[in-house]
Amino acid sequence: MTTYKDIGVEKVGHVGTIEIRRPPLNFFDISLINQIADALDEFDRDIEIRASVLSAQGKAFCAGANFQDPARQAQEAKEAENKAKGDPADSLGPINHLYIQAVRIFRAKKPIVAAVQGAAIGGGLGLAVSADFRVTCPEARFSANFTKLGFHPGFGLTTTLPELIGKNNAELMFYTSRRVTGEEAYKWGLANELVPQDQVKSAAMKLAGEIAECSPLGLLSTRATMRAGLADRVMAATNHELAEQTRLRATEDFKEGVKATEERRAANFRGR
């Protein structure tokens with residue numbers, strides 16, 4: 001197995017494991033998403049691996065992007081000074097480049113089980129939803145909190161979330177930015193299994209092991225049928241999401257939404 005900077009990768013029998021190691025909140029950037037995609041590519045090339053588990057160290061599964069990252073702020077200041085045009089850059093790197101890496105995750109060929117032991121927020125929810133299955137616990141929280149930031153959903157969620165939990169439940173999550181509990185996620189079909197928090201990873205490994213008992217060629221064939229066109233739909237969705245995110249990032253409301261979230265207060269949005 002290749003050694004990566006921010007993830008741990010192992011092979012346990014016929015199951016490959018990826019553990020995000022940026023505790024406690026596991027914020028992502030383009031580098032982390034690229035590493036996950038690279039590891040999944042490695043699993044696809046390994047004939048012995050038939051399924052994988054995506055988990056995370058720390059309090060959260062993935063709390064999304066850190067909009068208060070100093071590197072992002074420095075880059076934005078530089079862009080303003082140079083009157084740069086085009087895609088806004090932040091700690092994610094240019095968002096279009098991030099989404100190119102995200103689509104790579106959706107092109108992985110083998111089943112993925114996400115072990116969601118804590119919060120999956122924003123793009124972190126998008127990462128959790130990229131997996132075929134999710135094992136979670138009552139303490140977990142799932143949130144598409146984009147509108148509370150004055151933003152537009154991303155990471156392909158405008159396609160993946162409605163397909164998973166239905167259009168109206170997805171709209172509810174998008175329009176309210178509310179945090180959905182592990183129990184609610186299980187009832188909605190956002191999670192496939194609900195177990196005690198300290199059993200999330202082991203339950204995910206058990207599910208992946210059950211999948212791995214099946215014929216590898218049968219799994220590849222069936223998954224290709226079930227997810228036919230998904231990566232292309234996600235790519236089309238991220239193209240639209242990127243355009244909306246780019247437009248909204250330039251607004252006063254976005255700046256207020258990020259600041260209010262950081263200060264843990266209600267935002268004073270003005271519609272401009």
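1. Helix H4 (123–130) is buried along its length: eight of its eight residues are buried, so the helix is largely enclosed by the rest of the structure. The residues concerned are Gly123, Gly124, Leu125, Gly126, Leu127, Ala128, Val129 and Ser130. Buried here means under 20% relative accessible area, with exposed over 50% and partly exposed in between (1.4 Å probe, protein chains only). Helices (H or I, at least four residues) and strands (E, at least two) are DSSP runs, numbered from the N terminus.

2. On provenance, this is a predicted model, in which local features need pLDDT of at least 70 and side-chain atom pairs count only at pLDDT 80 or more, while totals for chains, interfaces and linings use all residues. Residues are numbered from 1 along each chain as its sequence is written, and side-chain values use heavy atoms, with hydrogens and water left out.

3. Two strands count as paired if DSSP finds at least two bridges between them.

4. At the S1 end, strand S1 (residues 7–12) and strand S2 (residues 15–20) run antiparallel and are joined by six bridges. Val9 stands opposite Ile18 in S2. The two strands form a hairpin with two residues between them, and Gly13 in the turn has a positive phi of about 65°. On to the next strand: S2 pairs with strand S3 (residues 51–56) in the parallel sense over six bridges. Glu19 has Ser55 in S3 as its bridge partner.

5. Further along that sheet, strand S6 (residues 112–116) and strand S8 (residues 133–136) run parallel, joined by four bridges. Val113 is placed opposite Phe133 in S8. S8 also pairs with strand S11 (residues 193–194), in the parallel sense and over two bridges; there, the bridge partner of Thr136 is Leu194.

6. A second open sheet has three strands in the order S7-S9-S10, and its pairing is mixed. S7 and strand S10 (180–181) stand at the edges with a single partner strand each, so one side of each is left without a neighbour in the sheet. S9 and S10 pair in the antiparallel sense over two bridges, and Arg141 stands opposite Thr181 in S10.

7. Which loop holds Asn26? Asn26 lies in the loop between S2 and H1. Asn26 counts as buried because its relative accessibility is 0%. A polar atom of its side chain lies 2.6 Å from the backbone oxygen of Gln57.

8. A search of the whole structure finds one cavity of 30 Å³ or more, and the largest cavity holds about 30 Å³ of space. Its lining consists of Ile18, Ile36, Leu40, Leu54, Ile105, Ile112, Leu127 and Ser130. Helix H1 (30–45) and helix H4 (123–130) are the elements that give two or more residues to this lining. By class, the lining has seven nonpolar residues, one polar and no charged. Ala, Val, Leu, Ile, Met, Phe, Trp, Tyr, Cys and Pro count as nonpolar, Asp, Glu, Lys and Arg as charged, and the others, Gly among them, as polar.

9. The largest pocket has a volume of about 1000 Å³. Of the 46 residues that line it, the closest to its centre are Ala63, Ile121, Asn145, Arg179 and Thr261. The elements giving two or more residues to the lining are helix H3 (95–106), strand S7 (119–121), S9 and H11; H11 gives the most, with five residues. This lining divides into 23 nonpolar, 15 polar and eight charged residues. On a 1 Å grid over the protein atoms alone, a cavity is a set of points where a 1.4 Å probe fits but cannot get out, and a pocket is an open set with protein on both sides within 12 Å along at least five of seven lines; lining residues have an atom within 4 Å of a point. Grid points are joined across faces, edges and corners, and a volume is the space filled by probe spheres set on the points.

10. A search of the whole structure finds two aromatic pairs. One of them, Phe151 with Phe254, is tilted, at 5.0 Å centre to centre and 40° between the planes. Phe151 lies in the loop between strand S9 (141–143) and helix H5 (157–165) and Phe254 in helix H11 (residues 252–262), so the pair ties together parts that are 103 residues apart in sequence. Both Phe151 and Phe254 are buried. Rings of Phe, Tyr and Trp (its six-membered ring) pair if their centres lie within 6.5 Å; planes under 30 degrees apart count as stacked, over 60 as edge-to-face and the rest as tilted.

How values were computed: Polar contact = N/O pair within 3.5 Å; in protein donor to acceptor, adjacent residues only side chain to side chain.
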